[in-house]
Amino acid sequence: MTVDAHVHVWDLSVRDQDWIAQGSPIRRDFTVADLEPEARAAGVDRVILVQTVTVREETPEFLALAAAHDLIAGVVGWTDLTAPGVAEELARLRELPGGHRLKGIRHQVQGEPDPRWLLRPDVQRGLAAVADAGLVYDLVVLPHQLPACAEAAATLPGLTFVLDHLGKPPVAAGALDPWASGLRALAALPNTVAKLSGLLTEADPGSWSVAGLRPYADTALDVFGPDRLMYGSDWPVCTQVAAYHQVINISAELTAGLDEREKEAVLARTASRVYGV
């Protein structure tokens, strides 16, 4: 089995995706009907559908999609972590159609001006509620926010933190530190895992190469190991640079040095364990 641990869908007639620039090739609808044939053709059996916008209505919509499509093994949704009724809201989501496929929560921390947003008392209370609900927490952050991620993971050892896109390293610039140091500190905590995803869109779209991506993938493999690393395509964001089947082939190249058991961990077992697929 192959699990793609990071995909998105959106319908611009339902709501705008204001993070997508005007004129971008991905400023159009992307649906499960678009995704499924590409995933199946690439040998992907299940996917994790991840939130895109911080609105209350999106997560129930994603859960309904999961109820209707076997391809979607799990949903990483959004809820306001700072609200006093986080636990009740998570319970409400679990009762909705497809609610059993709610696996995690994510917030666009990368857009928060406070680099220590995750350590605010109200956010910490919300994260504790996520842990109590048996869910995981996906981190979408920038490199300068990695130290706060490590502190948050240390304060909440009962919550699994999943780092999306390896913390968005500066691939286009070709730099490793301080990103690599921050990644190493996060990986030192046993309740953290990471997604081998999103590297292509951090690279220079006109001059990227597998060789240019390799130092970042190798760093992640070194600090997390294959049993704490999972593959994600970041479809359809990735299509700005490469097609779906190309992205999984690039991942195969980046992990070619692993043995078969380790490759299986990255392609399926880590995501299956962490998200309860």
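## Salt bridges

The structure, a predicted model, holds 14 salt bridges. Side chains of opposite charge can pair when their charged atoms come close.

One of the salt bridges joins Arg27 to Asp16, with the closest N and O atoms 2.6 Å apart. This pair links distant parts of the chain: Arg27 and Asp16 are 11 residues apart, and each is placed in the loop between β1 (3-7) and α1 (32-41). Arg27 is partly exposed, at a relative accessible area of 22%. Asp16 is likewise classed as partly exposed, with a value of 42%.

Arg120 counts as partly exposed, with 31% relative accessibility, whereas Asp122 counts as buried because its relative accessibility of 18% falls under the 20% limit.

In helix α9 (residues 260-275), Lys263 and Glu260 lie 3 residues apart, which is about one turn of the helix. A salt bridge connects them, the closest N and O atoms being 3.6 Å apart. Lys263 is partly exposed at 24% relative accessibility. Glu260, at 52%, counts as exposed, since the limit for that class is over 50%.

Ser197 is located in the loop between β7 (192-196) and α7 (210-224). Ser197 is buried, with a relative accessible area of 2%. Its side chain makes a polar contact of 2.8 Å with the side chain of His165.

In soluble globular proteins, nonpolar side chains tend to be buried together. In this model, the largest nonpolar core contains 80 residues, of which Leu118, Leu127, Tyr137 and Phe161 touch the most other members. The element that gives the most to this core is α7, with 8 residues. Apart from this core lies another, of 14 residues, among them Val136, Val162, Val193 and Val274.

The surroundings of Tyr137 can be described in detail. Leaving aside neighbours within four places in sequence, the contacts of Tyr137 include Leu118, Leu127 and Phe161, which are named with Tyr137 among the residues touching the most other core members. Tyr137 is also in contact with Leu81, Ile105, Val109, Trp117, Leu159 and Val162.

Arg46 is placed in strand β2 (residues 46-50). With a relative accessible area of 22%, Arg46 is partly exposed. Although Arg46 and Val3 are 43 residues apart in sequence, their C-alpha atoms are 4.9 Å apart in space.

Methods. Residues are numbered from 1 along each chain as its sequence is written. This is a predicted model: local features need pLDDT of at least 70, side-chain atom pairs count only at pLDDT 80 or more; totals for chains, interfaces and linings use all residues. Side-chain values use heavy atoms; hydrogens and water are left out. A salt bridge is a side-chain nitrogen of Lys or Arg within 4 Å of a carboxyl oxygen of Asp or Glu. Helices (H or I, at least four residues) and strands (E, at least two) are DSSP runs, numbered from the N terminus. Buried means under 20% relative accessible area, exposed over 50%, partly exposed in between (1.4 Å probe, protein chains only). A polar contact is a pair of N or O atoms within 3.5 Å; within protein, one must be able to donate a hydrogen and the other to accept it, and residues adjacent in sequence count only if both atoms are side-chain atoms. A nonpolar core is a set of buried Ala, Val, Leu, Ile, Met, Phe, Trp, Tyr and Cys residues joined through side-chain atoms within 4.5 Å. Contact means heavy atoms within 4.5 Å.
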